[in-house]
Amino acid sequence: MVSLKEKLLSDFEGLKIDDREADRLFIDTQKEAVLSLLSYLKKAGYNHLAMVSCTDWIDEGKFELVYIVNAYLSGDQVFGKKEKKCIVIRTKISRQSARFMTVMEIFENAEPYEREMHEMFGIDFEGHPRLTPLMLERDYKIPPFRKDFDTLNYVNNTFGKIPSIEQRKEGLK
Amino acid sequence: MRELELYYGPQHLGMVGNFSITLQVEGDRIVKASANPGYLHRGFEKLMEQRTWMQNFPLVCRINVVEPDHMELIYAMGVEKLAGIEVPERGKYVRSIYCEMARVASHLFGAWAYANMLGFDTVAHWAMYHRDLLLDMFEELTGARVYHIYLRPGGVRRDFPDGFTDRLVETLHKIGGKVPDYNATFFENSLFRKRAECVGIVNREEALRMGAVGHTLKATGMAYDIRKIEPYDAYDQIDFDIHTREKGDAYSRLLAIRDEMIESVHMIFKLIDKMPAQGEVCTKTPNPFKWTIPAGDAYVRCESSRGELGLYMVSDGGSKPYRVHFNTPSYNHGLTVLEKALEGESISDVGNIMISLYVVAPEIDR
Amino acid sequence: MNIVALIVSPLIALITGLFFLGLSRKISARIHWRYGPPVYQPFIDVMRAFSQKSITHGNFFDFGIILSLTGTIVLVLFLPIGGLWALNTGGLIMFLYLMLLGPFGIALSGAAAANPNSSIGISRNFLLALAYEVPLLLILLAVMTDYNTISLVEIVEKQAATGMAISSWRLVIPGIAYFLILPAILGLRPFEITGAVQEIASGPIAEFGGKHMAFYTLQHALQTFVGIALFVDIFLGGGTLFGLLNSLAGTVWVDILEIFIFLLKMVLVLFIGLFVNAVYPRFRIEQAMQYLWKWPTLIAFVGLVIVAIIN
Amino acid sequence: MDRNQISKWLKNPGKMAHKYSFHVVYFCTGCGIIEIPPSITTRWDAERFGIIPVATPRQANLFLITGYVSTKTLKAIIRTYEQMPEPKYTVAFGSCPINGGMYYDSYNTITSLDKYIPVDGYIAGCMPRPEAVFIGVTHLWKLIDMDKADGYKRYREDYVHYRANQEQLYGQMDWPPLFPVEKKEQANL
């Protein structure tokens with residue numbers, strides 16, 4: 001039987017696959033291949049998108065998008081003993097023009113994750129139906145989860161600058 | 001009929017946690033629901049990038065106030081995986097017992113919330129009382145009622161005190177002895193069944209499509225449980241069942257929770273019986289102030305009381321995590337499943353459905 | 001006598017009504033394995049509410065709650081409390097209509113507040129009232145046919161002569177029906193639908209604060225009193241107790257003791273209502289209507305038919 | 001506890017009634033809310049002292065701010081607080097509302113609550129145990145006795161400043177001022 005890794009390597013170009021860990025398969029890929037890779041994996045039985053994450057590699061000037069898929073299994077079902085249980089797909093996109101395609105057509109539950117990425121990192125997902133604010137109500141000049149957003153500085157400049165009531169009263173006199 | 005916009009929460013007795021849903025209602029029916037989280041957003045994942053590996057433990061448990069223990073567990077597992085630390089045999093058992101206790105306490109809190117939501121004061125008070133008994137055990141073990149910070153990379157902070165397991169078994173028997181009472185007044189109450197049956201149905205197909213986990217999935221007949229699929233700690237050492245229901249409505253979800261709770265109690269008994277009598281509970285870790293962890297990334301997952309809990313963690317070889325991202329079960333349930341499940345239901349059932357999906361607001365916001 | 005009764009009967013109703021609210025909190029607490037608040041807690045709450053500033057939402061908001069309170073007080077005047085009654089001219093039919101004045105006033109207030117929760121609560125309130133009025137009417141018809149009068153006072157007097165209505169086999173079926181709808185009249189679970197706090201944030205009274213809340217609490221206390229007192233008057237023979245007081249006839253003691261016995265009977269009914277309250281969740285509104293129009297209505301109808309055939 | 005002293009009731013019924021009839025706004029503003037269910041249920045039973053949660057702020061007179069306050073929540077807190085009828089009392093839980101606590105560097109939680117609404121007292125602990133909540137309430141009783149629980153009075157008097165602080169944080173607010181604010185008095189710091 002051909003393992004998933006070999007199948008993937010034969011069907012896709014430019015994949016870097018790391019299978020050292022027992023239950024995980026880490027795949028590095030080009031950003032163009034992500035959508036086809038995800039639908040391929042969904043057909044192969046990895047039908048649950050666990051999460052969409054993002055890492056800000058500020059030194060490289062890249063965002064790394066991370067898609068983690070695994071299989072819905074029933075407790076005693078055996079999913080090809082040799083196969084990995086979780087697949088982590090990583091891809092890098094440019095930090096300057098941070099845009100990517102939504103994967104909602106393949107996995108519907110990517111919606112809130114992508115919305116959050118949009119809000120926290122400022123990544124635009126094309127084709128996403130509602131990229132409205134999810135968690136935050138205030139406007140931040142830099143999306144807060146980017147590495148160049150200095151939280152302590154921000155706190156001192158906004159909340160710290162607000163005077164206490166006593167100070168306000170003194171200011172009146 | 002006129003369409004009305006109704007804000008359900010955040011200040012609302014029927015809202016457990018600081019969360020809000022905007023409902024488009026037509027008379028008593030909900031046309032459209034959109035969840036509005038963020039009232040508890042503290043930017044944990046950002047804050048954790050600014051604190052050392054060990055300093056993050058007090059933060060990580062505060063992500064989920066109802067059940068902080070699995071949050072500690074998942075973070076400890078992540079650090080262990082990145083740093084390559086092994087947990088000693090007895091430590092694994094202690095951890096599993098601790099996590100199952102947390103599961104029971106969390107489900108009792110859920111029973112309180114559910115009963116309270118339907119105006120079922122009596123059962124609500126009982127459930128909260130029994131949870132308190134369990135919190136007393138936590139207090140004896142860890143010194144704190146809610147945020148225990150008991151786990152650490154490589155094991156647990158300290159071993160069980162003398163006679164702890166006996167007292168734990170006694171407490172659990174005390175709670176378990178009331179299960180018939182709960183059944184009679186709550187789970188099998190005909191009026192309660194009228195309220196909960198055929199409400200908020202999420203069938204198997206929808207659940208799979210929307211990425212549901214935990215008891216939402218178990219209520220559709222799918223025994224998806226990380227403890228079985230990818231056993232961690234001592235879960236591969238004991239036998240246990242995963243209880244499923246078929247119908248996928250609020251009532252099945254509640255029964256799935258009840259069965260899981262009872263199973264958890266049995267699991268604690270089995271774990272106590274099998275636990276090695278002697279041995280270390282924690283591997284030595286380096287000085288936390290100078291501790292650096294080699295670069296790499298890891299995805300770890302465990303089964304919290306609400307379903308699959310995941311953590312994606314990246315280290316750049318420094319003394320602090322480079323990126324932490326929690327995949328909490330409520331995130332999916334509260335933002336995707338809830339919106340779909342509420343459509344077409346009556347306003348009286350908003351809280352009912354929300355609690356049956358076990359949406360915990362701080363877990364969504366993080 | 002009448003002037004005294006005019007003042008005393010609303011007072012008794014108010015005080016006992018508030019005590020009943022406190023008592024129900026205490027009893028529920030004991031069922032929950034708690035110690036519970038003191039029985040006079042509602043008095044403190046009312047005092048506190050009176051001392052708070054209240055926000056008004058216009059004239060109708062103020063007028064509605066006062067209408068509701070006065071309507072309920074008028075209702076009490078028609079109600080024999082033991083041997084004490086202020087007005088004996090009105091009949092049961094009029095009583096039925098006056099019973100709607102309380103919910104109507106609150107609905108008026110709630111509508112003026114323009115809170116979506118209030119409007120949902122009001123619609124629920126009227127639906128519920130509609131649901132229990134049907135069996136209630138049938139029950140009262142059965143009683144009126146059996147005793148051949150529409151006067152509450154006469155019904156009580158006849159029971160004093162012949163014993164409690166519920167002990168006569170003809171009226172036991174309407175009695176059961178009344179008991180089934182009693183939680184709905186009192187707003188106890190499983191019919192605590194109007195002011196469901198977890199669902200619609202206490203419904204019609206969501207915008208009530210300060211004095212409005214105090215008036216509402218008083219109205220609620222009176223409503224509780226009226227709901228139970230009507231049952232006691234019609235089916236449990238008012239203030240009489242198996243002719244035990246006949247030996248004292250003619251003295252002032254009879255009046256006082258009759259009131260006392262009347263209140264005792266009310267406490268008994270309240271207790272049973274509270275036990276039902278403690279073990280049930282609340283219905284959805286359509287389920288409540290389904291239930292009320294099915295069993296209590298059916299039973300009441302059967303009772304009416306039996307009574308009608310015999311007379 | 002002086003609930004049984006009739007002379008006090010006769011002397012100042014309003015104050016006494018406020019002390020023994022705390023109706024709490026049930027608003028889960030932070031993680032401290034997890035200790036509210038135990039304290040209102042069987043084990044600790046706050047109803048003994050007349051403390052019960054109520055559904056809407058209009059019916060309430062005590063506001064428990066249970067833990068850290070995010071900017072989004074603060075808006076809801078201010079609105080809720082302004083809806084409560086006077087006299088009203090505020091008690092904050094834990095160290096987070098005092099100075100941010102462990103979220104001192106979080107971009108989404110405010111650092112001191114008393115810049116935006118008046119706070120009558122703080123209960124220490126993360127989170128305060130139910131016993132601590134009760135002790136906090138007894139302290140509030142003492143403050144009410146001494147007329148020192150005057151947060152609502154301060155809010156009325158210094159509303160200009162409170163509103164100015166709120167506006168500094170949020171920019172334009174989408175609801176009108178509770179009390180009249182005269183523009184010329186507004187101090188800008």
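This briefing describes a sheet in chain A and the contact between chains A and B. The structure is a predicted model. In chain A, five strands make up an open sheet of mixed pairing. Between the chains, 30 residues of chain B are in contact with 30 residues of chain A.

**The sheet of chain A**

- The strands of the open sheet in chain A follow the order β1-β2-β5-β4-β3.
- At the edges stand β1 (16-18) and β3 (48-57) of chain A; each has a single partner strand, so one side of each lacks a neighbour in the sheet.
- From one strand to the next, the twist averages 20°.

**Strand β3 and its surroundings**

- Strands β3(A) and β4 (residues 62-70) of chain A run antiparallel and are joined by nine bridges.
- Within this part of the sheet, A:His48 stands opposite A:Asn70, which belongs to β4(A).
- Helix α3 (residues 110-121) of chain A packs on the sheet, where it touches β3 and β4 of chain A. The direction of helix α3 makes about 10° with that of β3(A).

**The side of chain B that touches chain A**

- The contact involves 30 residues of chain B and 30 residues of chain A.
- On the side of chain B that touches chain A, at least two residues each are supplied by α1 (44-48), α9 (204-209), α11 (226-229), β7 (307-315), β8 (321-327) and α13 (329-342) of chain B.
- With four residues, α13(B) provides the largest share of this side.
- By residue class, the side of chain B that touches chain A comprises 13 nonpolar, nine polar and eight charged residues.

How values were computed. Residues numbered from 1 in each chain as written. Chains lettered and ligands numbered in written order. Predicted model: local features only at pLDDT ≥ 70, side-chain atom pairs only at ≥ 80, totals over all residues. Contact = placed C-beta atoms within 7 Å. Nonpolar A, V, L, I, M, F, W, Y, C, P; charged D, E, K, R; others polar. Pairing = 2+ DSSP bridges. Axes fitted to C-alpha atoms, helices over the stretch in contact; angles between N-to-C directions.
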